[in-house]
Amino acid sequence: MSGAELQAILPLGILAGGIILVMLQIAFRRHLATSISLSLLTLLATAAAALEGGADMPVTPLLQADSFARLFTVLFCLAGAISTLLSTDYLGQRDDEPEEYYLLLLLSSLGACVLAYASHLASLLLGLELMSVALYALIAYPNKAPLPLEAAVKYLMLSGAASATALFGFALLYAGTGSLSFTGLGQALDANPETGVLLPVAAVMVVAGLAFKLSLVPFHLWTPDVYQGAPSPITGFLASVSKAAVLVVLLRWFSDANLFRFPALVQTTAVLAVLSMLVGNLLALLQDNIKRMLAYSSIAHMGYLMIVFAAAAAPGQRDFALEAASYYLIAYTATTLAAFALLTMLGAGEGGREHCQLQDVSGLFWRYPGPAILLLVALLSLAGIPLTAGFLAKFYLVGAASGSGQWVLLGSLVIGSAIGIYYYLRVVFYMSRRPGEYQSRPGMTRFWPVRLTAWLLVAAVLLLGVLPQPLLHYLASIL
Amino acid sequence: MVALLLILGLGGLAALYSERLHPGLPRWMSLAVCALALLCLLPTAGASGVAPGTWLQHLRVDWLPRLGISFELGLDGLSWLLVALSLLLGLIAVASSWDEIDFRPGLFQANLLWTLTGVCGVFLALDLVLFFLFWEVMLVPMYLLIAIWGHEDRARAAMKFFIFTQASGLLMLVAIVTLAVTVGAGGQLSFSYFDLLGGALEPRTAYLLMLGFFLAFAVKLPAFPFHTWLPDAHTQAPTAGSVLLAGILLKTGAYGLLRFCLPLFPQASAEFAPVAVALGAAGVIYGAVLAFAQRDFKRLVAYSSVSHMGFVLLGLYAFNALAVQGSIMQMVAHGVSTAALFMMAGALQHRLHTRDMARMGGLWAQAPRMGACALFFAVASLGLPGLGNFVAEFLVLAGLFAVRPWMTLLAALGLITAAIYALWMIQRTFQGPAREELSPTDFGAREMLAMAAMMFALLWLGLYPQPVLDIARPVVDHLLQFDFSVREAL
């Protein structure tokens, strides 16, 4: 590996170096504040290095350094830093020696960043597993309660099975084409268009495995339980980064290998999209726990996002669809993190129990107006109301789908969004209940960094919705 | 125009925080803000006599050039009329909820002003995405108004209101985007009104897109059969909320039809006209019949709105100057008269703690001033000659008769039923034997002032409507320059 190549993947290097540093620090001198600061520093330095830019070049056959990868590295590292900050407050009251927790969070972020760079099935699998394995441990970390353990075991078993399925699919792909790199796969499929039974089976297995990670219907069954059981900051990370990373690598795979030319594959994504949009939104209606509700809402959002695959398949629409997907991922990450930040803040400092039932936000407007407005903005953004990031994201999707004539998908999007309004507004309604109409009144954290983070997140959501022109311009320039 | 929107938006913020100084301050703040905004609007008055299709003020700044979205506002006679109406009713709404709101008055007034911001934005926006943005943004504060300060069944009503409007709004968004993508195919995307006017469209596409727009506006208007959100929302909203809803939010639907739906898709609209007119006539009669069956004062007024807005739909789809003028007139007159009736309903509820007319009766004896006002607005709403609503409905019917005589006949039946329910309402509440247990205090000076202002407006509209017609004239002429003839069958 040459110096230039190392230079090109500098962000990954910094992140990995930071992880080793934190590990050594924990081994030799256990000190919580140091671990947290080192983790934050590592993540921010990685983001800064990725922002700095660099050469666009393949680095070994495994990784592809380009602006797309760097953009999402920045996003994932910032999201990781935010989750770290939120966790400090959350774990502060729940666990005695949580240093390794931050190490795991760094590892998981590294996995996500590797996925952003991956251009080869091997690096895809490495990134995916690095991210997921760290997440198993993170979900179970507050091990004094039964729910996180249950969630972790569930996620471990099912996610392991999904990874194994995908891996088997990779093996079949290799058997069929003789290549594991994305571009190589594309060329092999071009050169050898015979339609055996091998490749379709491989495709089904890979799609099933990755759809599990994205929690698309019908592979979504783990989502609500895991979301509910996991500690809130980790749920936020799981919902935003782990899904965005898988989607990023899928987008790269599809465009590098030009998989958009296979109608059966594209139609499969469209079917998954429609199912996820409808089922996710319908089941979200039934939830009384906000985390479960957000779990189903994330299923629906992933369904909206899957529209871009069908949209990108139309001639001349590829760039716009990819741009739409990128913007949607950024907007969705910011919004989801904001929502979970609020859930983390709620009820902090009152023992180990989380306060995520609908009743727990009763009267939040009057008790804690600031955080209530933050949650309101996050919910409106998830619902796609203008002036928030969520609206523009949905607008992009409508543009992409309409440009390529995907009317069924558009119809599902409209129906899904209309259903979605109901459960988002239900939270708002609970928040606006007047004093005397409710019993549960959990407190609110007083830890200022967490509050500041929440405000910054909401500011980001609004900024993305009102003045996104620089970002849009940048997105258009790199795709 | 920007100043106007800024005043309203920031005024809302100021009202929110002024609560901390004194709980009575927010309402003065919002009065002042509305008055200030009106002052802003005044210099542009006297818009009559300009050439069709010109704008009194026009502003365009790039917002998101990547997506072809710009910040484009325009003011013409129609916008001017409706913005002025909105601000006046804003004043009335503040007055009508003067001492009704004890819970967080600052937030209440802020939401009121933000709703007004959204509505004025809708009336001014000329970029379709900007228009959609204001269209949605005005929902959020309105939702909060109903959900927080509403009556007993507020959760359901607020939710229904939001979901109906949002779902139809999303269809409109899809239609807007598809329109822009189709018209701007190959070139730069643009959502500007002027770039989209007269775009070449396949007849079938145009028809479908027109339906997308029409549905959104028909829900808001509301046209039969999309009206079911309206009685709930109006009944459960606090008085000021009902005044705003009935007075101006409904007008955004009519405005949308007039500004966007008809000029963007003239041919498709012409083809669709029979259906639209039938829906309008059905709304007129259905609303009136249902109004007659209500026991709840507010529900009655709400259903009467369905009936009256049916006339607007009738007028717009007659495609002639007389009827379109009538529609515009109806928007203004109905805004005033219904606002007054809702204010009356609010006043009654505040005093008697019920909206059930079976439990009222004989109120005239105890509150003669209220009775007189109620009678005035009831006959205004049934279309007594000399008042604004008569002029409006007459113009609509006269214009429509030239095109569709049978439908006109049907719609005219609505006038008769209107007389029945309006007088029935007065009889059940204010006349009959006085009841001992009810002893409402009569209107005070503040309420009489608001009522007198609205009476004056209706009388003026009824006796000398020419200024309003003159202001709207260029807009109507411009609209009718489009070709509304039905294509030959293919």
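**A close look at one helix and its surroundings**

Tutor: The model is predicted, and in it 23 residues of chain A are in contact with 26 residues of chain B. The elements of chain A that give two or more residues to this side are α17 (389-403), α18 (407-431) and α20 (469-478). Of these, α18(A) gives the most, with 8 residues. By class, the side of chain A that touches chain B has 15 nonpolar, 7 polar and 1 charged residues.

Helix α12(A) runs over residues 263-284, 22 residues in total. From its first C-alpha to its last, α12(A) reaches 31 Å, close to the 32 Å expected at 1.5 Å a residue. The buried residues in α12(A) are Thr269(A), Ala270(A), Leu272(A), Ala273(A), Val274(A), Ser276(A), Met277(A), Gly280(A), Asn281(A), Leu283(A) and Ala284(A). An α-helix has 3.6 residues a turn, so residues three or four places apart point the same way. Ala270(A), Ala273(A), Met277(A) and Gly280(A) are among the buried residues.

For another example of helix packing, consider α3 (residues 32-52) and α5 (residues 99-117) of chain A, whose axes come within 9 Å and cross at roughly 10 degrees. These two helices are therefore roughly parallel to each other, and their crossing is left-handed. Their contact has 6 nonpolar, 4 polar and 1 charged residues.

Methods: Residues numbered from 1 in each chain as written. Chains lettered and ligands numbered in written order. Predicted model: local features only at pLDDT ≥ 70, side-chain atom pairs only at ≥ 80, totals over all residues. Axes fitted to C-alpha atoms, helices over the stretch in contact; angles between N-to-C directions. Helix = DSSP H or I, 4+ residues; strand = E, 2+ residues; numbered from the N terminus. Parallel < 35°, antiparallel > 145°, perpendicular 65-115°, else oblique. Left-handed = near helix turned anticlockwise from the far one by under 90°. Nonpolar A, V, L, I, M, F, W, Y, C, P; charged D, E, K, R; others polar. Contact = placed C-beta atoms within 7 Å. Expected span 1.5 Å × (residues − 1). Buried ≥ 20, exposed ≤ 12 C-beta atoms within 10 Å, placed from the backbone.
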